[in-house]
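Hello,

Here is the structure I promised to pass on. Please have a look at it first, and then read my notes below.

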Amino acid sequence: MRLQNYGFRNFVGCGFGILLPMSGPVKMVGLSLGEKHFIKGGIDQNIRSDGRKRDYYRPIFVETGVIPQANGSARVRMGATEVIASVKAELGKPSALHPDKGKVVIFVDCSAVAEPTFEGRGGEELSAELSVALERCLLGGTSGAGAGIDLTSLIVAEGKICWDLYIDSLVISSDGNLLDALGASIKAALANTAIPKVNISAAASADEQPEVDISDEEFLQFDTSAVPVIITLTQVGRHYIVDATSEEESHMSSAVSISVNRKGHVCGLTKRGGEGLDPSVVSDMISVAQHLSELLMSRLDSEISAAEAEIGDDEES
Amino acid sequence: MANFSTGDRKRKPKGDRRSTEISLVIRQTMEACILTHLMPRSQIDIYVQVLQADGGTRSACINAATLALADAGIPMRDLVTSCSSGYLNSTPLLDLNYLEDSAGGPDVTVGFLPKLDRVTLLQMDAKLPVDIVENVMQLAIEGCKAIATYIREVLLENTKQLEYRRGL
């Protein structure tokens with residue numbers, strides 16, 4: 001359950017579990033053979049357990065500005081999967097290799113509230129996998145080429161001062177398709193991000209660190225038109241589905257996550273799972289992802305603008 | 001505590017000293033209150049995720065844990081409520097936020113069982129004159145009683161909703 005205690009300006013989430021000690025914690029969701037056949041059979045016939053077709057997403061809810069202390073934040077719910085992303089901007093020094101680019105760091109944390117197994121260091125492996133996959137999809141190659149986020153817009157004084165963006169995501173509830181939800185939450189958080197304007201004192205020589213004055217009043221909204229969305233296609237049996245629940249994911253043979261931007265270009269690709277895929281299947285998956293990305297992108301854009309408009313209304317009233 | 005919960009970004013969301021200490025405090029407070037003998041051979045896990053910290057974090061965690069336990073139907077001796085108070089400018093203050101907390105005055109956290117009228121948790125840092133301690137602690141206890149009333153209202157409302165959904 002979630003408790004929002006407005007009177008105390010603290011936001012705390014609380015989760016619960018009761019374990020019956022056998023040989024270590026027993027996962028509460030264990031599927032019987034009959035259930036497994038049911039799920040597989042449903043997918044074969046294009047009717048999944050919750051009634052969706054293979055290429056339908058679950059209902060998506062977006063809320064922005066949930067963490068007032070951060071420069072930008074968003075909470076995204078896809079069915080029962082819920083994630084929060086926050087963007088914090090700090091001034092730093094650009095790297096010597098790319099003096100004209102700012103820096104972005106993406107970090108994912110899996111909360112124990114989502115799964116008891118994420119307690120302590122249990123969720124570290126999954127967190128690392130998700131962080132790297134997100135960086136691959138959104139930040140382009142090591143040279144920074146092809147990044148979904150324009151790093152040159154983060155520069156303040158070339159070679160000396162740049163903005164460092166720390167994108168932190170928290171998985172609060174896990175019911176499959178974490179990567180898509182995280183990608184959507186980062187896109188929404190960036191749309192909500194306001195980076196303060198910096199005035200540099202002009203009289204600074206080439207070697208000195210210039211004086212900076214961070215404005216409290218003026219802000220620049222981040223340009224998210226190039227940020228891609230991530231579509232994960234999970235192969236179960238002979239078909240692949242989009243937006244798998246954790247039940248469906250437990251039967252997957254392989255999954256391919258493809259990030260596609262507004263122009264329909266593929267920005268990153270990650271394949272998980274042990275089963276090999278025929279190359280023609282992969283090409284087919286990419287074209288399906290490109291088609292689905294248009295729908296998901298327009299849906300996210302409308303949700304994000306609705307969420308931002310709500311904040312605007314709240315501020316005016 | 002989440003990475004983004006504090007003003008300056010934290011490096012390690014888990015396993016840092018502050019989180020471990022708060023976890024210990026919550027566990028000890030709750031252990032005293034839950035009727036564990038009614039649930040033999042079972043383990044109760046309480047996971048608290050702090051999304052934003054602005055003073056009084058451990059109080060919020062304890063209050064949230066109480067509500068979650070009540071929501072789960074775990075039998076307890078009483079609702080555990082918690083509140084913090086401080087002393088700045090010769091005035092006792094209830095529920096300090098982060099700025100007031102960092103102003104250098106004392107920070108007293110009290111965990112209270114309202115029905116049994118007992119203090120289960122008492123923590124204080126910094127200095128406080130001995131004759132003022134009683135006042136500041138009493139203020140925090142009043143805060144706890146107010147929270148307890150509010151928690152009880154919320155739980156009653158929740159139960160009414162459940163009854164309604166069951167068609168009673």
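Before the helix pairs, a word on terms: axes are lines fitted to C-alpha atoms, for helices over the stretch in contact, and angles run from 0 to 180 degrees between N-to-C directions. Helices (H or I, at least four residues) and strands (E, at least two) are DSSP runs, numbered from the N terminus.

This is a predicted model, in which local features need pLDDT of at least 70 and side-chain atom pairs count only at pLDDT 80 or more, while totals for chains, interfaces and linings use all residues; side-chain values use heavy atoms, with hydrogens and water left out. Residues are numbered from 1 along each chain as its sequence is written, and chains are lettered from A and ligands numbered from 1 in the order in which they are written.

**Chain B as a whole**

Chain B has 4 helices and 5 strands, which follow the pattern α-β-α-β-β-α-β-β-α along the sequence. Its radius of gyration, taken over C-alpha atoms, is 17 Å, close to the 15 Å that the globule rule gives for 168 residues, so chain B is as compact as a globular protein of that length. (The rule is 2.2 Å times the number of residues to the power 0.38.) The C-alpha trace of chain B spans about 55 × 40 × 30 Å along its principal axes. Of the 168 residues in chain B, 48% are buried, meaning under 20% relative accessible area with a 1.4 Å probe, protein chains only.

**α1(B) with α2(B)**

Helix α1 (residues 17–31) of chain B packs against α2(B) at an angle of about 45°, with the axes 10 Å apart. On the α1(B) side, the contact (heavy atoms within 4.5 Å) includes B:I22, B:V25 and B:I26. Among the residues they meet in α2(B) are B:C61, B:I62 and B:A65.

**α2(B) with α4(B)**

What angle do α2(B) and α4(B) pack at? Helix α2 (residues 57–72) and helix α4 (residues 130–166), both of chain B, pack at about 30°, with their axes 11 Å apart. That makes α2(B) roughly parallel to α4(B). Here B:N63, B:L67, B:A70 and B:D71 of α2(B) meet B:I147, B:I151, B:V154, B:L155 and B:N158 of α4(B).

Enjoy exploring it!

Terms used
Parallel < 35°, antiparallel > 145°, perpendicular 65-115°, else oblique. Buried < 20%, exposed > 50% of the residue type's maximum accessible area, 1.4 Å probe, protein only.
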